[in-house]
Amino acid sequence: MSGFVTIRQLFDAREESLALELLTPGVRLDGRIGDPDVSSPGLALAGYTARFPEGRTQVFGKTEMSYLATLAPAEVAERLGAVFAHDVPAIFVTRGQAVPGPFLEAATGAGVPVFRTRMVTGDFYRALKPYLEDVLAPVTTVHGSLADVYGIGLLFTGPSGIGKSECVLGLVQRGHRLVADDLVFVSRRGNDVLMGKGHERQGFHMEIRGIGIVDVASMFGTRATRQRKRVEVIVDLQAWDDAREYDRTGLDPEMVRILDVEIPRLTIPLNPGKNLIAISEVVAMNQLLAYSGVDVPSRFDDGLREAMNPRDSLVEDFE
């Protein structure tokens, strides 16, 4: 992503859903929003601007507009001038409130577009912020296939032709869901959540070598697809290598970082006859157990150690 969205892009994308009305037609809409947070001016309207958040869109609700109504027109222009001296990409006035002339004049003079919406302030916040978080989220692309297996997002990676798409197609036949094939767009939400989706033009098409392009949604129905899913485990498919040591216990899971978020990666060596579909389902179920606090490898290891050290249990029985 570019790290910002223009006011024009926001207006074009959300004019209807946010019920937006542009009140300053003479102001250019090429300003940029780079902060997904949304603020209200608060104390800045009273003259205290030392802690004003730069670069955030500002929402004027009933409290702000009723306060401005108590001021003389010259004071309104002065207070708003102090606000607009900062980096304010756009102003949104909620509840369909009337916006006085001095307000619009001050905004026009500062080059700040003003929009009005019929939505109440709380609903407007809840509608605007997710959109900004989505378009401003850090994004990277991963060559692989993403599937929803038992509610767990499995991102299949590996060299070209290893069988990622065929594996996901087999999972779809088993009742699981395709999210994206070949190219997965991964974005970070908050500090520790990765969300994956496919390209909008790709839809839910897959390339299966020897067959060509198949349309999963048309073949299996919309219940076999999902628009986006959290990426929770990477399943890295690799050709079997006799010289390589593979993890056989799971006691030391491998972690990788994507967009500064750590997630587990399992390397699955492939050889003839391996049931990759069943293995993928077990990976997902193991992750579900981990979420519920069950660490199967550690529990098994603890049981073995206890069995190998009976003296400890004898001491406990004696005591």
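This is a predicted model: local features need pLDDT of at least 70, side-chain atom pairs count only at pLDDT 80 or more; totals for chains, interfaces and linings use all residues.
Visitor: What should I know about the ground rules?

Guide: Local features need pLDDT of at least 70, side-chain atom pairs count only at pLDDT 80 or more, and totals for chains, interfaces and linings use all residues. Residues are numbered from 1 along each chain as its sequence is written, and side-chain values use heavy atoms, with hydrogens and water left out.

Visitor: Why is Leu 22 called partly exposed?

Guide: Buried means under 20% relative accessible area, exposed over 50%, and partly exposed in between (1.4 Å probe, protein chains only). Leu 22 has 26% relative accessibility, so it counts as partly exposed. Leu 22 sits in strand 2; strands are DSSP runs of E with at least two residues, helices are runs of H or I with at least four, and both are numbered from the N terminus.

Visitor: Which residues does Leu 22 touch, leaving out those up to four places away in sequence?

Guide: With contact meaning heavy atoms within 4.5 Å, Leu 22 touches Phe 11, Leu 29, Pro 113, Val 114 and Phe 115.

Visitor: What makes the buried residues of helix 1 line one face?

Guide: Ile 7, Leu 10 and Phe 11 are buried in helix 1 (residues 7-14). The arc is taken from the directions from the helix axis to the C-beta atoms. Seen down the axis of helix 1, the buried residues fall within an arc of 95°, so they line one face of the helix. Their cover includes strand 2 (20-22) and helix 5 (121-136).

Visitor: How do you know how helix 3 and helix 4 pack?

Guide: Axes are lines fitted to C-alpha atoms, for helices over the stretch in contact, and angles run from 0 to 180 degrees between N-to-C directions. Helix 3 (residues 73-84) and helix 4 (residues 101-110) make an angle of about 35°, with axes 9 Å apart. On the helix 3 side, Pro 73, Val 76, Leu 80 and Phe 84 take part; they meet Pro 102, Phe 103, Ala 106, Ala 107 and Ala 110 in helix 4.

Visitor: What makes strand 11 and strand 18 edge strands?

Guide: Two strands pair if DSSP finds at least two bridges between them. The open sheet has six strands in the order 11-9-10-17-19-18, with mixed pairing. Strand 11 (177-180) and strand 18 (254-258) each have a single partner strand, so one side of each is left without a neighbour in the sheet.

Visitor: How do you know that strand 10 and strand 17 pair?

Guide: Four bridges join strand 10 (residues 152-157) to strand 17 (residues 233-239), and the two run parallel. Leu 154 stands opposite Val 233 in strand 17.
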